[in-house]
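Subject: Structure handover

Hello,

Here is the structure I promised to pass on. Please open it first, then read my notes below.

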Amino acid sequence: MGFLFEDGNFALFRDGFLQTIELSALSALLALLLGTLLAACRVSPVPVLRGFGTTWVTLFRNTPLTVLFFAVTFGLPPLGVHFSHLTFAVLALGGYTASFVCEVLRSGINTVPLGQAEAARSLGMTFGQTLTQIVLPQAARTVLAPMSSVFIALPRNSAIAGAFSVSELYSAQQTFSERGYSIFAIFFWVACAYLVISATVALLFRSLENRLAVAR
Amino acid sequence: MRTRRTLAVALCAIALTATAACGKDGTPGADKASAGGSAAPALPTYTVKTDVKLDSPALAAAKKRGQLIIGAKSDQPFLGWEDLASGDRSGFDIEIAKMVAADLGFTPQQIKWQTLVSSQREPAISNGQIDFYVGTYSINDERKKTVSFAGPYYVAGQDLLVKADNTAITGPESVNGKNVCTATGSTSIKNIQQYSPKITQFDTYSACVEKLMSGEVDAVTTDDAILKGYASKYATKLKVVGKPFTKENYGVGLNKDDKALRDAISDALKAHQDNGDWKKAYDATLGLSGSTAPQPPVLERY
């Protein structure tokens with residue numbers, strides 16, 4: 001198992017690890033923003049926005065992630081959209097995860113008693129104010145547990161980016177395999193790296209839950 | 001009831017479009033007409049030997065089952081390619097396998113092809129799942145510990161694939177600052193890194209070729225045999241630079257202990273090199289890329 005500390009392997013592994021973290025963090029941010037926006041669309045009174053939200057969720061949630069990566073990396077450049085491969089990966093991964101964030105949030109919105117929204121409206125609040133100040137804060141607190149599952153899955157899904165020219169942990173693993181190191185040793189270290197990332201996300205959500213959980 | 005019928009019709013329509021699209025895309029000969037027209041070189045035919053006697057356990061088992069099981073690749077155009085619609089195999093490696101099989105007493109119909117990716121080759125050979133393997137298999141000392149090789153039947157080298165009208169890239173020295181694409185984790189990365197720091201990696205070469213055609217990368221690099229396959233497929237659009245800068249000996253991989261079979265395969269390769277089948281097979285496959293046939297390599301009998 002000492003292969004990690006041989007000729008330059010550690011630098012490759014470390015770079016892959018950092019790249020995975022960077023990709024996951026950026027995608028998580030995009031997914032959170034976009035997902036909240038989509039959830040707002042799905043519960044909005046405007047039919048066009050509701051349609052947009054539903055279409056997005058249906059399309060992105062049901063398409064295999066590899067196909068999404070393929071569509072973004074190979075479909076956008078001919079249309080004149082040129083980004084770095086990392087940006088393409090963030091778009092694919094963020095767009096995909098956003099559909100899950102949206103559905104989790106929507107289920108949270110459904111748990112907020114209707115009376116809350118009605119009370120807000122009778123105070124003269126607009127739809128936007130009702131959503132951002134009354135409904136969403138309550139909804140977000142109830143969905144912390146399912147939301148943590150979405151964000152624990154994200155770093156692991158990010159491995160697909162390795163096949164699309166982002167040099168993260170998966171592509172580091174490919175390089176080690178090609179160099180001929182024992183598969184067991186390679187996977188042990190790669191698995192450890194993913195475990196560290198996932199466990200950190202899980203702990204973060206655990207502490208959030210402790211602080212914000214709704215007392216009923 | 002009606003919705004169900006509509007759904008069925010819609011599904012059929014989707015399935016039809018999908019298969020139609022596949023057929024168009026997946027046929028390696030799609031561009032062949034423009035490359036060689038009706039004058040395209042024909043594949044050689046091989047006389048199947050009868051009464052082959054060999055002290056080889058693999059061959060004895062193959063005779064008993066009436067089938068020779070040959071491992072190959074299925075995703076390399078004009079090298080080791082499987083037409084998914086018809087199940088037909090074609091390419092230079094496939095021809096090599098057929099000529100060897102003929103000398104061992106098996107007709108092409110008696111060959112059972114088994115697709116194996118690179119990482120499955122050694123286990124499949126040593127477990128006896130296949131009788132031998134022909135598919136861009138480089139002979140090296142590490143692999144010789146678990147399997148043995150007959151050949152080499154082809155000497156490949158890392159080269160560059162560029163657009164047909166590209167005159168700026170003439171060899172590895174001219175790629176500095178250019179964007180070069182190759183497979184994730186492959187050894188080709190290390191070799192090209194000495195010449196250019198800008199490297200794009202996808203998990204398949206076909207993705208790289210796609211990016212090359214759309215002009216987002218300037219070149220694709222790996223063994224010239226693989227590149228010539230793609231250049232044959234898109235003969236009017238792509239070309240191989242033709243300045244190989246590494247050396248890979250492709251061999252036929254077989255069980256380590258089967259010396260009789262290895263000698264027989266080496267004899268078969270030698271015989272078909274001498275009678276011109278080797279060159280004919282090359283001209284009808286990789287030769288369509290516009291590269292002339294090299295000298296067949298000298299066999300390494302160890």
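One caution before the details: this is a predicted model. My notes start with the strands of chain B, then turn to the interface.

**Strand β13 and its partners**

Start at strand β7 (residues 147-156) of chain B. Seven bridges join β7 to β13(B), and the two strands run antiparallel. To find the pairing on screen, look for B:Y154: its bridge partner in β13(B) is B:Y250.

β13 of chain B covers residues 248-255, and strand β6 (residues 132-133) of chain B pairs with it too. That pairing is also antiparallel, over two bridges. Here B:F132 stands opposite B:L254 of β13(B). As background, strands of a sheet pair through backbone hydrogen bonds, either parallel or antiparallel.

**A five-stranded sheet in chain B**

Now look at the open sheet of five strands in chain B. The strand order is β10-β9-β11-β8-β12, and the pairing is mixed. Which strands are at the edges? They are β10 (199-202) and β12 (238-240) of chain B, each pairing on one side only. From one strand to the next, the twist averages 30 degrees.

Strand β9 (residues 180-183) of chain B and strand β11 (residues 219-223) of chain B are joined by two bridges. B:C181 has B:V220 in β11(B) as its bridge partner.

A helix packs on this sheet: α9 (residues 224-233) of chain B. Helix α9 touches β8 (158-163), β11 and β12 of chain B. The direction of α9 makes about 130 degrees with that of β11(B).

**Where chains A and B meet**

How many residues of each chain are in contact? The count is 13 residues of chain A and 13 residues of chain B. The size of an interface is often given as the accessible area lost when the parts come together. Chain A and chain B bury about 1,100 Å² between them. Carbon and sulfur atoms account for 61% of that area.

On the side of chain A that touches chain B, the elements giving two or more residues are α3 (65-75) and α8 (169-179) of chain A. The largest share, four residues, comes from α8(A). By type, the residues on this side of chain A divide into four nonpolar, eight polar and one charged.

Best wishes

Note on methods:
Residues numbered from 1 in each chain as written. Chains lettered and ligands numbered in written order. Predicted model: local features only at pLDDT ≥ 70, side-chain atom pairs only at ≥ 80, totals over all residues. Heavy atoms only, no water. Pairing = 2+ DSSP bridges. Contact = heavy atoms within 4.5 Å. Buried area = accessible area lost by both parts, 1.4 Å probe. Nonpolar A, V, L, I, M, F, W, Y, C, P; charged D, E, K, R; others polar. Axes fitted to C-alpha atoms, helices over the stretch in contact; angles between N-to-C directions.
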